[in-house]
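Here is a short note for a colleague opening this entry for the first time. Please keep the structure in view while going through the points.

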Amino acid sequence: MPSAPASNEPSSCHVHKFGGSSLADAARICGIAALLDDDAATRLVVVSAMQGTTNSLVALADMARAGDDWQPGWEALRQRHLQAAAAIDAQERFALQATLGDEFDGLHRNLQAVAVDDDVDERIRARIHGLGEILSSRLVHAALGGEAAGWQRLDAREVLVVHPGEMGVGVDWDQSRRRFAQWRARHPGCNAVVTGYIASDAQGHATTLGRNGSDYSAAIFASLCNADALTIWTDVDGVLSADPRLVPDAVCLPSLSYAEACELAYFGAKVLHPQTLAPVQSRGIPLRIRNTLRPQAPGTLIEARANAGDVPVKGLSLVNDLAILELIGSGMIGVPGTAEKLFAALHGAGVSVTMISQGSSEHSICCVVRADQAERGRAAIAAAFAEAMADQRTQAVRVTADICVLAAVGDGMVGTPGVAARLLGGLAQARVNVRAIAQGASERNISLAIARADATRALRAAHSAFWLSPQFVSVGIIGPGQVGRALLSQLSATLPRLRSQSRLDLRIRAISDSRRMVLSETGLNPGLALDALRDDTAQAADLDLFAAHVRAEHLPHGLIIDCSASDAVAAKYPQWLAAGIHVVTPNKHAGSGDWTRYAAIREAQRQGGGRFLYEATVGAGLPVILTLRNLLDTGDVLHGIDGMLSGTLAWLFNRFDGSQPFSTLVREAQALGYTEPDPRDDLSGLDVARKLVILAREAGRELSVEDVEVESLVPLELQQVGREEFLARLHELDAPMQARLAAADAQGLGLRHVAQLGQDGRARVGLVALPADHPCRHTRLTDNLVQFRSLRYTDNALVVLGPGAGPQVTAAGVFGDMLAIAQSLGAQTGAPVIAAGAGA
Ligand SMILES: NC(=O)C1=CN([C@@H]2O[C@H](COP(=O)(O)OP(=O)(O)OC[C@H]3O[C@@H](n4cnc5c(N)ncnc54)[C@H](OP(=O)(O)O)[C@@H]3O)[C@@H](O)[C@H]2O)C=CC1
Ligand SMILES: N[C@@H](CC=O)C(=O)O
């Protein structure tokens with residue numbers, strides 16, 4: 001391309017291009033003047049056809065050719081343009097309408113020609129297809145005030161000379177530049193409205209730049225007039241980090257380099273035509289994308305050196321409707337010319353290749369092609385390698401359908417270690433299988449072929465992996481009882497901060513109690529989620545529907561929080577975890593229940609399923625399980641565990657001094673939310689036995705609740721009655737408990753409920769009388785005291801001490817597990833919170 005600036009060109013020239021959406025009707029056309037108002041430079045305004053016009057013109061030509069009735073469509077298009085002309089407050093309105101009428105008469109003649117002659121000249125078709133820009137240029141010219149206001153109209157066919165080529169339409173720069181200079185000489189210094197999309201070929205016949213070619217026209221004219229800037233006006237704010245229909249959190253990118261824009265344009269960022277960039281890039285002309293409907297928005301600036309931003313990836317794009325073609329053969333290894341032969345075969349079959357990948361073993365070559373060309377490509381490769389196939393040098397040509405390509409793009413990727421790891425890690429967390437990978441040596445683009453079904457989930461996961469949007473976790477809460485409600489209130493207070501500071505979006509998309517559930521697409525406000533359960537949107541509870549909604553195919557991560565005490569809910573964990581749903585719970589049933597189910601849960605995790613965290617099952621918010629895990633993971637050997645594992649029983653025996661009946665204290669503990677839904681689970685020692693089993697299993701021992709020696713405080717006659725009757729007869733505990741207290745008092749001892757897991761595997765739970773100097777006598781309120789004895793902690797136990805029951809502390813334990821899962825998914829929840837203004 002010659003680099004000398006065109007003669008007669010004013011010193012400062014700006015090119016503006018308006019797409020069809022900016023020219024949808026007369027009001028939008030008239031609005032262009034206001035958008036150009038603050039631009040003092042000489043302006044070239046390149047226009048597309050009015051929205052939908054080119055499609056209509058192509059359809060009319062097709063109808064004419066097929067012998068269908070095109071007259072009504074022609075008339076509708078004519079009326080639309082005449083009405084737009086009538087609505088434009090132009091001095092020459094009548095002349096404008098007459099000219100448009102003439103253009104439509106010409107269209108009528110051309111359509112008739114197509115109708116009577118099947119082999120009508122391609123030039124006539126090009127004239128028909130390109131009429132929309134002629135029409136819109138006349139309307140815009142009039143709306144800007146016409147020649148009286150210093151505006152000329154330039155039919156691009158007068159100056160722009162192009163030739164079709166294998167790589168698309170090419171520009172004859174010498175011819176075009178000469179002709180443009182001549183046109184400029186005839187119209188020195190004036191502004192111009194220029195038709196986009198259309199041009200002439202070398203013989204002077206009408207042609208087009210291909211669909212959506214107006215952007216390309218604008219870039220060519222920017223180069224011809226050596227413009228200082230090109231602005232493309234469209235109906236979006238700029239280039240977005242991803243398709244907003246698939247990633248609602250996609251952000252508008254303030255700046256891109258030409259190279260980044262090229263990659264994004266090629267890989268589906270529909271804002272830019274792929275060819276647009278070359279003419280402006282070669283002359284270093286900055287290109288800005290702006291929104292006609294929101295001109296105050298800064299848009300996206302594309303120039304040679306873009307702002308790098310603080311993450312290596314600027315944007316992600318997705319190309320759909322693809323297939324993988326794969327040639328496999330051990331006889332290909334080290335054989336020169338195999339790749340050439342394969343791609344020559346595809347070339348010969350007219351198959352365009354989107355992506356190529358070959359492992360260094362050379363055992364197979366795979367490429368990604370358009371789905372509608374896959375079979376043609378397969379047949380061409382099979383034919384080219386027929387001989388090699390016959391003597392087993394190649395073994396197969398395989399097609400994998402329903403593929404899409406996800407591409408991560410950014411200059412910041414160049415030379416930055418860990419980008420691929422971050423991308424692939426994010427996809428792995430979202431359980432997206434990658435079928436093929438390609439990264440060129442430019443390092444600006446990593447392309448991944450994945451199954452179409454995974455596309456949205458993959459795009460969202462990758463988007464948040466690079467913090468282009470917060471890490472999105474779809475959350476379902478089961479059991480909004482004491483703990484569940486406390487969790488909702490903690491979430492309500494914390495989620496906004498997590499979203500803004502830690503870029504973590506824990507979205508409550510489902511809530512259920514034992515009877516009803518609410519499934520929400522966009523998410524429930526945690527402060528109002530309980531109300532939603534009571535209103536008309538609630539439906540009958542169904543755990544399978546609930547889980548399917550939480551783990552919707554298009555969402556990267558699903559997390560179920562089970563705050564019930566239900567065994568039926570715990571029975572679902574293996575299947576949820578196997579489906580990749582993470583589970584967090586204070587419910588002890590899974591951890592201490594049926595061994596086969598427990599093993600299935602572990603197996604689902606081992607197979608790479610969801611994560612299962614249950615810290616709150618023992619010691620509520622205390623780090624009991626975490627402490628045990630740390631001991632074991634660092635190679636310590638557990639000898640035994642003993643202490644107090646029930647918050648309710650701790651509180652009861654800290655308070656029980658005989659001054660009030662034991663049953664009164666039990667009711668109080670229940671009201672405070674310390675007890676299990678059925679307080680007999682506490683008083684019978686079952687709850688503590690469950691906790692001991694959870695800890696023993698954590699340490700690798702195959703213990704079950706039946707193996708634990710449990711002393712129950714519930715009299716035999718109250719063990720089998722219903723919960724309500726038990727509560728009504730609670731006073732029957734008073735006398736036996738009073739007697740136990742008196743006996744202990746008489747020996748100068750105090751009652752405490754303790755649990756013990758010995759080195760011999762023996763597990764015991766029960767009420768004991770202890771001397772005043774025993775550590776369990778130095779606890780307060782609901783304190784749990786867990787003493788770990790191990791190879792390292794032999795003389796002096798490792799002790800975890802603190803409140804072990806209550807909705808708030810339990811919910812905090814659950815919340816902590818939620819954040820641990822979010823962190824494992826890549827969320828930055830551990831980052832220190834810097835107070836506003838600090839460090840300024
Ligand atoms: N309270 C505490 O200090 C601690 C509690 N925990 C554990 O936390 C869990 C909750 O305790 P808490 O909040 O006190 O109990 P609650 O009885 O207050 O709440 C239980 C909730 O679970 C719901 N639920 C019961 N069965 C089902 C089911 N099949 N499907 C869906 N939802 C169901 C109940 O709904 P509905 O009203 O419809 O029955 C209710 O909303 C228990 O497992 C408990 O062991 C753990 C550590 C400490
Ligand atoms: N009811 C339980 C609650 C915690 O698991 C207790 O009192 O410890």
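1. Start with Asp321, which is exposed, because 12 other C-beta atoms lie within 10 Å and a residue with 12 or fewer counts as exposed. Keep in mind that this is a predicted model. Asp321 sits in strand 13. Its phi is near 55°, a positive value in a residue other than glycine. Most residues other than glycine have a negative phi.

2. Is Arg503 buried or exposed? Arg503 is buried, because 20 other C-beta atoms lie within 10 Å and 20 or more is the cut-off for that class. The phi of Arg503 is also positive, near 55°. Arg503 belongs to the loop between helix 16 and strand 20 (504–512).

3. **Strand 15 and its two neighbours.** Strand 15 (residues 364–370) pairs with strand 14 over five bridges, in the antiparallel sense. On that side, Ile356 has Cys367 as its bridge partner in strand 15. Met355 is partnered by Val368. Strand 13 (residues 315–328) is joined to strand 15 by seven bridges, and these two strands also run antiparallel. Here Glu326 has Cys366 as its bridge partner in strand 15. Five of the seven residues of strand 15 are buried, so strand 15 is largely enclosed by the rest of the structure.

4. **The turn between strands 14 and 15.** These two strands form a hairpin, with five residues between them. Check Glu362 in the turn: its phi is positive, at about 60°.

5. An unreviewed UniProt entry carries the annotation "domain: ACT" for residues 408–480. Over residues 408–480 the chain is 30% helix and 32% strand. The end C-alpha atoms of this stretch are 41 Å apart.

6. How many residues of strand 23 (residues 558–562) are buried? Five of its five residues are. Gly558, Ile560 and Asp562 point one way, Leu559 and Ile561 the other way, and all are buried. Strand 19 (residues 471–478) is joined to strand 23 by five bridges, and the two run parallel. Strand 24 (residues 582–584) also runs parallel to strand 23, with three bridges between them. Leu559 takes part in both pairings: Leu559 is the bridge partner of Val475, and His582 in strand 24 is the bridge partner of Leu559.

7. **A covered helix.** Helix 8 (residues 214–224) is mostly covered, with 11 of its 11 residues buried. Among them are Tyr216, Ile220, Phe221 and Leu224. Just after helix 8, Asn226 takes a positive phi of about 50°.

8. **Ligand 1.** Ligand 1 is surrounded by 32 residues. The closest are Gly479, Gly481, Asp513, Ser514 and Ser564. Helix 16 (482–501), helix 19 (567–570) and helix 31 (807–824) are the elements that give two or more residues to this shell. Helix 16 has the largest share, three residues. By type, the shell holds 15 nonpolar, 13 polar and four charged residues. Why does ligand 1 lie between domain 3 (471–618) and domain 4 (624–805)? Both domains give residues to the shell, so ligand 1 lies between them.

9. **Ligand 2.** The shell around ligand 2 includes Ala620, Ser646, Gly647, Thr648 and Tyr674. Thr675, Glu676, Asp682, Asp687, Gly804 and Ala805 are also part of this shell. By type, three of the residues are nonpolar, five polar and three charged.

Notes
Residues are numbered from 1 along each chain as its sequence is written. Chains are lettered from A and ligands numbered from 1 in the order in which they are written. This is a predicted model: local features need pLDDT of at least 70, side-chain atom pairs count only at pLDDT 80 or more; totals for chains, interfaces and linings use all residues. Helices (H or I, at least four residues) and strands (E, at least two) are DSSP runs, numbered from the N terminus. Two strands pair if DSSP finds at least two bridges between them. UniProt positions are given in the numbering used here, feature names are shortened, and annotations may be inferred rather than shown by experiment. A residue is near a molecule or strand if its C-beta atom, placed from the backbone, lies within 6 Å of it. Ala, Val, Leu, Ile, Met, Phe, Trp, Tyr, Cys and Pro count as nonpolar, Asp, Glu, Lys and Arg as charged, and the others, Gly among them, as polar. Domain bounds come from an automatic or database domain assignment.
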